[in-house]
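Visitor: Could you walk me through this structure, one question at a time?
Guide: Gladly; here it is.

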Amino acid sequence: MLSDMKLPEGFRSRFNRQMLYPLSAVLLIMFVAIGLFLFWLGHQNDQRAQHQEAAIITSSLTYSLAELASQQRSVAAWEPVAQKLAEQPVDITWLNENVGAWLYNMFKHQQVFILSPDNRMVFASINGMGSNDPRLMPPEIVPLLAELRARAEKANLKTVSDQNLRRTRAPSLTDVAIVEGNPVVFAASQIHGPKLPREPTYTLVSIRLLNDGFLSSLSQRGLIRGLHFTLKASSKPAEISIPVYAKHTDQVGYMTWQPDRPGSRMLSYVGPAAALFGVVMVAVIMVIVRTLWHSALNLNQSMIELRASEAQAQHLAFHDVLTGLPNRALLEDRLSHSLALTARNGGFTALLVLDLDRFKNVNDTLGHSAGDGLIKEVASRLSALVRKTDTVARIGGDEFVVVQTDVHDLSDVQALCQRIHAAIERPFMLAGNDTFIGVSIGVALAPADAMERSELMRKADIALYVAKYEGRGHFRYFEQSMDDSVQTRQEIATDLRNALMNNTGLEVHFQPQVDMSGQHVIGLEALLRWQHPTRGTISPDEFIPVAEENGVIIPLGEWVLRQACRASHTWPALFIAVNVSPVQFRSSDFANRIKTIVTEEKADPSHIELEITESVLLNDDDEARLTLMALRDAGFKIALDDFGTGYSSLSYLSRFPVDKIKIDRSFIRNLGVGENSGAIVESVVRLGRAMGLTVTAEGVETEGQMAALTEAGCDEMQGYLFSRAIPEDQLPALMAKSDAHHT
Ligand SMILES: Nc1nc2c(ncn2[C@@H]2O[C@@H]3COP(=O)(O)O[C@H]4[C@@H](O)[C@H](n5cnc6c(=O)[nH]c(N)nc65)O[C@@H]4COP(=O)(O)O[C@H]3[C@H]2O)c(=O)[nH]1
C-alpha cells in the first residue's frame with residue numbers, strides 16, 4: 001500500500017515546493033481574477049444602468065416641464081381668458097371653471113394663479129377650487145417670475161399687432177423650485193388678449209408638487225423605482241440621488257430613487273454558481289493532486305528501484321559474480337589508470353597473471369561447489385595480500401590477475417609473488433578435507449616490457465605459460481626470448497593444424513623392434529614425421545608438445561593410429577607400436593575412440609601396441625586403470641614408454657595392467673659407461689621378468705650395448721643399431737634382410 005510506504009526523505013517538501021504550492025497559487029490567482037472580473041462586470045452593469053436611469057429621469061423631467069408649459073399655454077393663449085380678466089370684477093367662477101379646475105382636472109395642475117401686471121394675485125385655484133384670496137399665493141412665486149417679465153420686456157410684444165404672432169411669441173417659463181418648503185415644477189405664461197398691446201398683461205402660473213403624483217407618474221413612465229425628491233442626497237445604500245438645478249439658480253435638491261442593479265442581480269445568480277464551480281474545481285484539483293502525489297511517490301519508488309538495479313547492473317558489469325572481484329573490464333580500466341600513473345610519476349606497474357595448479361583436480365574430484373569455494377577463498381587470500389591501490393581481478397575459471405601499482409623497487413614484486421605462493425600453498429579446507437593446490441605466476445612490468453595494456457597482458461600471459469611449462473608453482477618475469485619461442489610455437493600450431501587438415505607434409509615412419517638375437521624384426525614403432533613447408537623437417541620432440549598444448553594431438557594421434565592399422569594389414573606377423581600422448585589418453589572416451597578407429601580400419605587390436613608414459617599413471621588412478629583395462633580387454637597391448645625417466649615408481653607396474661616396459665634410451669646410452677646403468681638395466685629386466693612383463697631396450701646403438709642387454713636378459717631391442725625409423729615403402733627391403741637373417 002502506498003499509504004504504508006515510508007516516504008523518502010525530502011519527498012513531501014519537494015512535492016509541496018514543486019507541485020502543491022505552485023498549483024495552489026495558480027488556483028488562487030485564477031479564483032481571485034475570476035471573482036474580481038465578475039465584480040467588475042457587475043459594477044459596470046450597475047453603473048451603466050444607473051447612468052441610463054439618471055438620463056431617463058433628467059430627460060423625463062425636461063420633457064414633463066415642456067409638457068407643463070404647453071398645457072398651460074393652451075389656456076394662456078385662449079382669448080376669452082384675457083377678455084374675462086379685462087372685466088371688473090373678475091369672474092372667479094368662470095376663471096375657475098375654464099382655467100383652474102380645467103387645468104387641474106385635465107393636467108393635475110394643483111395650484112393655478114393669475115397675477116396682474118403689477119404682480120397682484122387676481123385668481124387662485126388650489127386643487128380645482130377657485131378663489132381670489134391673495135393669501136393663497138405663496139410669496140416665492142413673484143421672484144420666480146422676474147425672468148419671465150424680463151424676457152417679455154425683451155420680446156416687446158406690445159408693439160406686435162398681429163394677435164397670432166403675439167400668441168406664439170409670448171414667453172413662458174418652466175422650472176423647478178421650492179415653494180412653501182415643497183419641491184415643485186412650475187410654469188408661467190403671459191396671457192395676451194385681443195386688444196393688446198394696450199391692455200395690461202396678466203401672468204398665468206401653474207404649480208405641480210413633485211412628490212405628489214408628478215414624480216410617481218414620471219417613475220411609472222420611465223420604469224424608475226421609488227423616484228422621489230429629497231433636499232439632501234440619500235445616504236441609504238439601496239438609493240442613489242442626482243442633483244436637480246433650477247434654471248439660473250442654485251441646486252434645489254435631489255432626485256432620489258432605487259436604481260436597477262442588473263450587475264448585482266447577475267452576481268447574485270452567477271456568484272453561487274461560480275462559488276459552486278470553485279468548490280467543484282478545488283475538489284477535482286485535490287483529487288488530481290492526490291493522484292499526482294501517488295504517481296510521484298510511485299515514480300520516485302520506481303526511480304529508486306531503477307537506480308538500485310542500475311547500480312547492481314553496473315556492479316555486475318564490472319565485477320565477477322562468484323568472488324565480487326573486478327572482472328576483465330574493470331581490470332582493464334584499473335590497469336590503464338596504473339599505466340597512466342606510471343607514465344606520469346615514474347616507477348613501475350607490475351602485472352601478475354596467476355593460474356591455479358591442480359584446480360581441475362579439485363573440480364573433478366570434489367565437485368563444482370568445492371571448486372567455487374576454493375576460488376572464493378583464493379580471492380579473499382589474494383585480496384588480503386595487496387595494498388588498497390592494487391587490484392586483484394578474476395578473469396577466468398582459475399585465472400586471477402594482480403595489478404601492483406606505483407612500484408619503485410623490483411624486490412616488492414618478488415616479495416608479493418612469494419607472499420602469493422605462501423598464501424595459496426596453505427591448505428584449503430574443502431568438503432571436510434585439507435586440499436593443497438599451487439599457483440603459477442607470470443609477471444610483466446611496465447614500462448620495461450610494455451606501456452600498452454593489451455601488450456602487457458600478452459607478455460604476462462607468456463611469462464605464465466613459461467612458468468607453468470617449467471614446472472608448476474613458479475613465478476617468471478617476462479623475457480623477450482619467451483615471446484619469440486611462444487610466437488614460433490603459435491605458428492607451428494597453426495601450420496600443424498593446416499597440415500593435418502590438408503594431409504600435407506605429415507608422414508608416419510616405422511622403426512623396427514627386434515628380438516633378443518637382434519636378427520629378427522618382431523614389431524614396428526610408428527613415429528610421426530613432419531616436413532614443414534618453410535622450416536623443413538621438424539622433430540616430433542618439437543611439434544608434439546605444441547600439439548599437446550592446443551589439443552591438436554588428439555586428431556593427430558588418431559591419424560597416426562589409422563596409418564598404423566593400415567601397416568598392420570601389410571605386416572600381419574608384426575605388432576605395430578603407436579605412441580599415445582598423455583593429453584590424448586586423458587581425453588574423454590579415449591578407449592572407445594581407439595577401438596572404433598581400429599574397427600573402422602579393420603585391424604586386429606592384438607597387433608597394436610599402445611605406448612603410454614608414466615605421467616599417464618600419475619593422476620586419476622582409477623580412471624587411468626579403467627581405460628587401460630578396457631583397452632586390454634579389447635585386445636590391445638600396453639607398453640610403458642621411457643621407463644625410468646619420470647617418477648620411476650615400480651609400484652605402477654603392480655597397480656596398472658601393462659604388458660611391456662621400454663627402458664629409456666638414456667640408460668642404454670650409458671651402458672658400459674656409467675657405473676650404475678648396467679645394474680639398473682639388470683634390475684629392471686629382472687623385475688619385469690618377475691612380473692611377467694616383456695622388457696624392451698630403446699636406443700640401442702652399439703654392439704656392446706646389445707651384448708650387455710642380451711647378457712641382462714632383455715627381451716626386445718630397438719635402436720639405430722638395427723634401423724632408424726624409415727618410410728613404409730622402405731620396409732620391404734628391411735624385412736627381406738630380416739627374413740634372410742631369420743632363415
Ligand atoms: N638417439 C637415438 N634415438 C633413437 C634410437 N632409436 C630410436 N630413437 C629415437 O627415439 C625416439 C623413440 O620414440 P619415443 O621414445 O616414443 O619418443 C618419441 C615420441 O615420444 C614422440 N613421438 C613421435 N611420434 C609420435 C606420435 O605419433 N605420437 C606421439 N604421441 N608421440 C610421438 O616423439 C619422440 C621422438 O620421436 P623421434 O624423434 O622419432 O625419436 C624416436 C626415435 O627416432 C637410437 O638408437 N638413438
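## A tour in questions

Visitor: Which residue in β5 stands opposite T174?
Guide: Strands here are DSSP E runs of at least two residues, and helices are H or I runs of at least four, numbered from the N terminus. Two strands pair if DSSP finds at least two bridges between them. β4 (residues 172–179) and β5 (residues 182–191) pair in the antiparallel sense over 8 bridges. In that pairing, the β5 residue opposite T174 is A187.

Visitor: What should I know about the model itself?
Guide: This is a predicted model, in which local features need pLDDT of at least 70 and side-chain atom pairs count only at pLDDT 80 or more, while totals for chains, interfaces and linings use all residues. Residues are numbered from 1 along each chain as its sequence is written, and side-chain values use heavy atoms, leaving out hydrogens and water.

Visitor: How many residues of β4 are buried?
Guide: Buried means under 20% relative accessible area, exposed over 50% and partly exposed in between, with a 1.4 Å probe and protein chains only. β4 is mostly covered, and of its 8 residues the number buried is 7.

Visitor: Is V284 buried, partly exposed or exposed, and what is its relative accessibility?
Guide: V284 is found in helix α8 (residues 262–318). UniProt, in an unreviewed entry, places a "transmembrane region" at residues 269–293, among others; such annotations may be inferred rather than shown by experiment. V284 counts as partly exposed because its relative accessibility is 41%.

Visitor: What separates K459 and E455 along their helix?
Guide: K459 and E455 form a salt bridge, with the closest N and O atoms 3.5 Å apart. K459 is buried at 8% relative accessible area, whereas E455 is partly exposed at 26%. Because they are 4 residues apart in helix α13 (residues 453–469), what separates them is about one helical turn.

Visitor: What is the relative accessibility of K662?
Guide: K662 forms a salt bridge with E525, the closest N and O atoms being 3.1 Å apart. E525 counts as buried at 3% relative accessibility. K662 counts as buried too, and its value is 0%.

Note on methods. A salt bridge is a side-chain nitrogen of Lys or Arg within 4 Å of a carboxyl oxygen of Asp or Glu.
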